[in-house]
Amino acid sequence: MAKEPNAALRWALLCVLALVLIGWLPIMLRTDEWAFLPSITWATRSFWPSMAFAAVCAIVPTVVAIRTPVLDAGNRKSIKYLIFLAITPAVFGTLGYYSVSAGGPMLYTWVAGKSTEVPYTVERTGRSEDWKCRNWILLRDLPPLTSKLCGFPEEFIADLSPGQTILVSGNGSPLGVFVASARLAD
């Protein structure tokens, strides 16, 4: 019979869950009208701390899941249990990565930000009628799920080409910017 997780492990799980929610925010709340972009400097410097925290966030819930009595009358070989164990590290690890690379900077910028303009390099652009991201701009050197700007006019998108620099303005800090507008750099 599997042991229940000890108190320290449960507290670690609660901390990981709280921090993973921070990583979820900049990804799931992204729309045409609202987006947060981490700064390129922050994205570069935080890569290894983000990866380390992703590992912690992948390991703790998985250990708790293994040590906790399972569903299906304790059958640890059930497909449902095995799929859960396979998906848990990927989901929690990804969200742990984004809590350091984008979520933490987003909260800091929300509290301490001021009006600013930040340069970003265009990777590519595209037109789309998707309700969540119309007329998008993909930016270079940012984490994959936080590198897209959405909702720009087709005329602006048509004038952009890969390698060009755009200036994104909004409430910002050295860690990132809440996108209000963008323009082509002079």
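Tutor: Helices (H or I, at least four residues) and strands (E, at least two) are DSSP runs, numbered from the N terminus. In this protein they come to 6 helices and 6 strands, following the pattern α-β-α-α-α-α-β-β-β-α-β-β along the sequence. The model is predicted: local features need pLDDT of at least 70 and side-chain atom pairs pLDDT 80 or more, while totals for chains, interfaces and linings use all residues. Residues are numbered from 1 along each chain as its sequence is written, and side-chain values use heavy atoms, with hydrogens and water left out.

Student: In what order do the strands form the sheet?

Tutor: Strands of a sheet pair through backbone hydrogen bonds, either parallel or antiparallel; here two strands count as paired if DSSP finds at least two bridges between them. The 6 strands form an open sheet, β1-β6-β5-β2-β3-β4, with antiparallel pairing. At its edges stand β1 (36–38) and β4 (148–149), each with a single partner strand, so one side of each has no neighbour in the sheet.

Student: With which strands does β5 pair, and over how many bridges?

Tutor: β5 pairs with β2 in the antiparallel sense over 8 bridges, and Thr 121 stands opposite Thr 165 of β5. Antiparallel pairing over 8 bridges also links β5 and β6, and the hairpin that joins these two strands runs through 2 residues. Ser 169 has Ser 181 in β6 as its bridge partner, while Ser 173 has Gly 176, also in β6.

Student: How many of the residues of β5 are buried?

Tutor: Buried means under 20% relative accessible area, exposed over 50%, and partly exposed in between (1.4 Å probe, protein chains only). In β5, 7 of the 9 residues are buried, leaving the strand mostly covered. For the protein, buried residues make up 42% of its 186 residues.

Student: Which residues have the most contacts inside the largest nonpolar core?

Tutor: A nonpolar core is a set of buried Ala, Val, Leu, Ile, Met, Phe, Trp, Tyr and Cys residues joined through side-chain atoms within 4.5 Å. The largest one has 19 residues, and those with the most contacts inside it are Leu 37, Tyr 120, Ile 137, Leu 149, Ile 166 and Val 168. Two or more residues each come from β2 (114–126), β3 (136–139), α6 (154–158), β5 (165–173) and β6 (176–184). Apart from this core lies another, of 15 residues, including Leu 9, Leu 13, Phe 53 and Ala 54.

Student: What is Tyr 120 in contact with?

Tutor: Contact means heavy atoms within 4.5 Å. Leaving aside neighbours within four places in sequence, the contacts of Tyr 120 include Leu 37, Pro 38, Leu 139, Leu 142, Ile 166, Val 168 and Val 177. Across the protein, 67% of contacts between residues at least 6 apart in sequence join residues at least 24 apart.

Student: Turning to helix α5, is Thr 88 buried or exposed?

Tutor: Thr 88, which is found in helix α5, is buried because its relative accessible area is 4%. Not counting residues up to four places away in sequence, Thr 88 touches Pro 61, Thr 62 and Gly 93. Ile 83, also found in α5 (residues 79–112), is partly exposed, with a relative accessible area of 44%.

Student: How much of the accessible surface belongs to carbon and sulfur atoms?

Tutor: Accessible areas come from the Shrake-Rupley method with a 1.4 Å probe; for residues, only the protein chains shown count as cover. The total is about 10,300 Å², of which 66% belongs to carbon and sulfur atoms.
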